[in-house]
Amino acid sequence: MPTGGGKSICYQLPGFCNPGLSVVISPLLSLIQDQVSSLRQNGVVAEFLTSAQEWDGENGQASIVQRIRNNPAHGGIKMLYVTPEKICRSGMIKDIFAKLAKRGGISRFVIDEAHCMSQWGHDFRPDYKALQALRTDYPDVPIMALTATANKKVVEDAKRNLKMRNPFTYTTSFNRPNLHYSVMKKDSKTIDQIAAYIAKKKGQSGVVYCLSRRDCENVSSKIQEALKKNNIWDMKCDYYHAELDPGERERRHIAWSNGRIAVLCATVAFGMGIDRLAMLKYGIND
């Protein structure tokens, strides 16, 4: 299903209603933070474990790990978001999940951005392929996989890699009638054209996707210079990519969400499924 098509509700709603913990595996820190924030605001007990967190402290990994160890069927953490690296490389997490699953405490595993497990996908990640161990290690726990970008080969790879048994597949059109597309020729004045377009959109926000981390930084700097040349000082442009410190990535994500940064120049490390309107509605800030 396309971005914004409702994939998340397919596991969030049953995860909330069913007893036990739903484990969601996602590769993007920005999407994880976005979804956890929205779930909390809607009354769902949700947490995440990533390398961006401190170990100690009130919201540190140690506290969350302890809660997961003792997670009850009802009233505990309902949704836990982890990265594929966390679930594949952490012996502690594997041990906790094994004990939870043994007593029926895991309601489902959800693999988001499932195209990442296929070399035919646009963003293949080796740790995703290791997720095939989920079926072996937790044979009785249901598995769901979702993506907005998959051809038939990628879908078959996902089914095979996850060792799915008689899987149900649901596919919708990728067309999004609410979006407007335009194609423009790229030349030496492209940055100026982007800046001029941004200048007309005061009070709004946007993302300029770039192919490389270096491009993100260069384009961000040039857009900011072009805005200043036109005496537009109240619109800030910044960049976002995987080489930034996790804490800095979170700061820029929040600043973009609440309008302090108008435009982010980003690689696909900044997920296209960010629900900025929901974050504004619920007043998420730092």
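Author: Let's begin with angles: under 35 degrees counts as roughly parallel, over 145 as roughly antiparallel, 65 to 115 as roughly perpendicular and the rest as oblique. This is a predicted model, where local features need pLDDT of at least 70, side-chain atom pairs count only at pLDDT 80 or more, and totals for chains, interfaces and linings use all residues. Residues are numbered from 1 along each chain as its sequence is written, and side-chain values use heavy atoms, with hydrogens and water left out.

Reader: At what angle do the axes of helix 2 and helix 11 cross?

Author: Two packed helices are described by the angle between their axes and the distance between the axes. Here, helix 2 (residues 29-41) and helix 11 (residues 246-257) have axes that come within 10 Å and cross at roughly 55°. Helix 2 and helix 11 are therefore oblique to each other. Leu29, Ser30, Gln33 and Asp34 of helix 2 make the contact (heavy atoms within 4.5 Å) with Pro246, Arg249, Glu250 and His253 of helix 11.

Reader: Which residues of helix 9 are buried?

Author: Buried means under 20% relative accessible area, exposed over 50%, partly exposed in between (1.4 Å probe, protein chains only). In helix 9 (residues 190-199), those are Thr190, Ile191, Ala195 and Ile198. They cover an arc of only 135° around the axis, which puts them on the same side of helix 9. These buried residues pack against helix 10 (213-229) and strand 8 (263-266).

Reader: What does Phe109 touch?

Author: Leaving out residues up to four places away in sequence, Phe109 touches Val23, Ile87, Phe97, Leu134, Tyr138, Val141, Pro142, Ile143 and Met144.

Technical notes
Helix = DSSP H or I, 4+ residues; strand = E, 2+ residues; numbered from the N terminus. Arc of directions from axis to C-beta. Axes fitted to C-alpha atoms, helices over the stretch in contact; angles between N-to-C directions.
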